[in-house]
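Visitor: I'm new to this one. Could you walk me through how to read it?

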Amino acid sequence: MSTTLNISKPLRYSGAEVLHTVRQMTGTSVEVQVDGNTYAIDSLINKSATIPVSVSASYRPEFIRSESGELLKIAFWKEASIN
């Protein structure tokens, strides 16, 4: 579990966690990016909006903060799968 103080920092998020994070951050001042594209999903406004995220993939999170520690952006980068 990741905390604001970065006491513990997850190394990877699942695609399902990425989708959940995008939805939870919609309506806040925090920008959420997936592979360089910014997304904000509000199911009350657009019920058919989608995000091209692979639920079974692994994503590396990057937390961008202001000098005062305020969370400004969360960027998720898809990890290459090794089979």
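Guide: Strands (E, at least two residues) and helices (H or I, at least four) are DSSP runs, numbered from the N terminus. This is a predicted model, where local features need pLDDT of at least 70, side-chain atom pairs count only at pLDDT 80 or more, and totals for chains, interfaces and linings use all residues. Residues are numbered from 1 along each chain as its sequence is written, and side-chain values use heavy atoms, leaving out hydrogens and water.

Visitor: Is Gln33 buried or exposed?

Guide: Buried means under 20% relative accessible area, exposed over 50%, and partly exposed in between, using a 1.4 Å probe and protein chains only. Gln33 counts as buried because its relative accessible area is 13%. Across the chain's 83 residues, 25% count as buried.

Visitor: Which residues does Gln33 touch?

Guide: Contact means heavy atoms within 4.5 Å. Leaving aside residues up to four places away in sequence, Gln33 touches Thr38, Lys73, Ile74, Ala75 and Phe76.

Visitor: Where in the chain is confidence lowest, and where highest?

Guide: pLDDT is the predictor's confidence in each residue, from 0 to 100. Among the elements, strand β3 (residues 37–39) is lowest at a mean of 85, and strand β4 (residues 58–65) is highest at 93. The chain averages 80, with 73% of the residues scoring at least 70. Where pLDDT is low, the predicted coordinates should not be read in detail.
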